[in-house]
Amino acid sequence: MNNPISVSELNSYLKLKIESDSSFHNICVRGEISNLRVVTSGHIYFSLKDNNSVIKSIMFKGYTSKLRFSLSDGMKVLVECSVSFYVWDGQYYLLVTNI
């Protein structure tokens, strides 16, 4: 057996791999908005889903201020984004820059 590593070490490694891979930067993903939540900081949290999968997404205030329309659950959208990874809970998500 190889030398064991901690969960944190594995998640940190995965974050580094995902975020350093240019194929996960500036991509366009289509889907339907669900679980939309706008928080007082101005950030928007939502899930982007299709018939078979779901991915958590976040759009930070610096980008939300440029939106010229209101988002709603059930809205079908194209998002410009990059893929990122939370070390804490081992989940990947979309960092959305435009909808």
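## A pair along helix α1

Glu19 and Lys15 sit four residues apart in helix α1, so about one helical turn separates them. Their side chains meet in a salt bridge, with 2.8 Å from N to O. (A salt bridge here is a side-chain nitrogen of Lys or Arg within 4 Å of a carboxyl oxygen of Asp or Glu; helices are DSSP runs of H or I with at least four residues, strands are runs of E with at least two, and both are numbered from the N terminus.)

Glu19 is partly exposed at 29% relative accessible area, and Lys15 is partly exposed too, at 26%. (Buried means under 20% relative accessible area, exposed over 50%, and partly exposed in between, using a 1.4 Å probe and protein chains only.)

## About the model

This is a predicted model, where local features need pLDDT of at least 70 and side-chain atom pairs count only at pLDDT 80 or more, while totals for chains, interfaces and linings use all residues. Residues are numbered from 1 along each chain as its sequence is written, and side-chain values use heavy atoms, leaving out hydrogens and water.

## A pair between strands

How many salt bridges does a search of the whole structure find? Two. Lys76 is exposed at 66%, whereas Glu32 is partly exposed at 22%.

## Two asparagines with positive phi

Most residues other than glycine have a negative phi. Asn26, in the loop between α1 and β1, has a positive phi near 50°. Asn35, in strand β1, has a positive phi of about 55°. Asn26 is exposed at 73% relative accessibility, and Asn35 is exposed at 56%.
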